[in-house]
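Here's a quick look at how two parts of a protein chain sit against each other. Take a moment with the sequence and the structure before reading on.

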Amino acid sequence: MDHLSFFWLSHDKEKVLAALRTEFSQLAAKSISSGNIQLPPIPDVVLKIQKLCTLECTLIKEVSDTLLEDPGLTAIVIRMANSVVFNRRNITCTDVLTAVSRLGIFRVRDIVTAQAIEQLKHSSDLNKDCNTLLRKSAARSREFAAVMTMVCQELINSCEDNSLDYLEPEKALLTGLLADIGLFCLVNEYYDYLERGNYLDLDLAIYVFDKECNDTSYHILNHWQFDVDFLAVATNEHKKSNTQQSINYLDMARIANHLLMFRSKDDAIEDHDIEITLEGAEALYTLSNLTDAQFSDRIKETLRSSGL
């Protein structure tokens, strides 16, 4: 099955087969399988917070003190801690310690990592085609994450017995934002490949990205010790520890992907089947019946209410 975040690409079997035969595809696959693919060059503060989250003895103050080393990320965390999606009690906080305490150290890690990757996509200085692709990916990731959040909210609101209270809209947002994190690495690999004097048509390279993004994203998120929900959405594959839930984040990601294919009038949707529960079907029906203007407004409002 294709990568969920690549709903915006057209598909051509012959191009896919041609891409799979390229030297670049073989090099990318080898780098991923050996674990030698370069990780995104994210800020030291983000790396420090990721490391702190792996230690059992880490205190909230340690994370907040580390976050203060980057005023930009600090402001983002405080803003998101006060947003509608993350601030369910509607209590405003103005200091970083309170923000980290409210969000929890793992959610702070998720937020700063997602923001760092988005900033990298917008600030990349490769060639014109690569820069354009990364910026488009950033926009699509936000759209995908917003629709995942909308699906999650519909599921929670429509469930009368509170059996879906374990779902968190904020986590749906962040898993969507980081779903195609591997694309940044693959685009950089492609740029380096061209800089070494090689050539590969961008359209063919994109199909390589589509094929290898799952494994690359898994390698990165697993290296940074993200949980199985992030890994499942990034790889479009159920993991053992999340299959027992009636609805999980991968289910919501697949519903979001289907909705976006429907909205973009993708011909492939005719052959695109998803397995969903009754609650999932109701959420899909409700969001499918919005007009294009209403759907677009819901996306914009979701992004605003998340603090992004």
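What follows is a short tour of the interface between the domains.

First things first: this is a predicted model. The chain splits into domain 1, residues 39–123, and domain 2, residues 125–307. Going by C-alpha atoms, their centres lie 22 Å apart.

So how much do the two bury between them? The figure is about 2,600 Å², with carbon and sulfur atoms accounting for 64% of it. On the domain 1 side, a trio stands out: Leu39, Val85 and Lys121 together provide 28% of the area that domain 1 buries against domain 2, more than any other three residues.

Here are the counts across the boundary:

| Item between domain 1 and domain 2 | Count |
|---|---|
| Contacting residues of domain 1 | 26 residues |
| Contacting residues of domain 2 | 32 residues |
| Salt bridges | three salt bridges |
| Polar contacts, both residues at pLDDT 80 or more | 13 residue pairs |

Which secondary-structure elements give two or more residues to the domain 1 face? They are helix 3 (44–52), helix 5 (71–81) and helix 7 (105–123). Helix 7 makes the largest contribution, with twelve residues on the side that touches domain 2. Sorted by class, that side of domain 1 has 13 nonpolar, six polar and seven charged residues.

Technical notes. Residues are numbered from 1 along each chain as its sequence is written. This is a predicted model: local features need pLDDT of at least 70, side-chain atom pairs count only at pLDDT 80 or more; totals for chains, interfaces and linings use all residues. Side-chain values use heavy atoms; hydrogens and water are left out. Domain bounds come from an automatic or database domain assignment. Contact means heavy atoms within 4.5 Å. Buried area is the accessible area (1.4 Å probe) that two parts lose on being put together, summed over both. A salt bridge is a side-chain nitrogen of Lys or Arg within 4 Å of a carboxyl oxygen of Asp or Glu. A polar contact is a pair of N or O atoms within 3.5 Å; within protein, one must be able to donate a hydrogen and the other to accept it, and residues adjacent in sequence count only if both atoms are side-chain atoms. Helices (H or I, at least four residues) and strands (E, at least two) are DSSP runs, numbered from the N terminus. Ala, Val, Leu, Ile, Met, Phe, Trp, Tyr, Cys and Pro count as nonpolar, Asp, Glu, Lys and Arg as charged, and the others, Gly among them, as polar.
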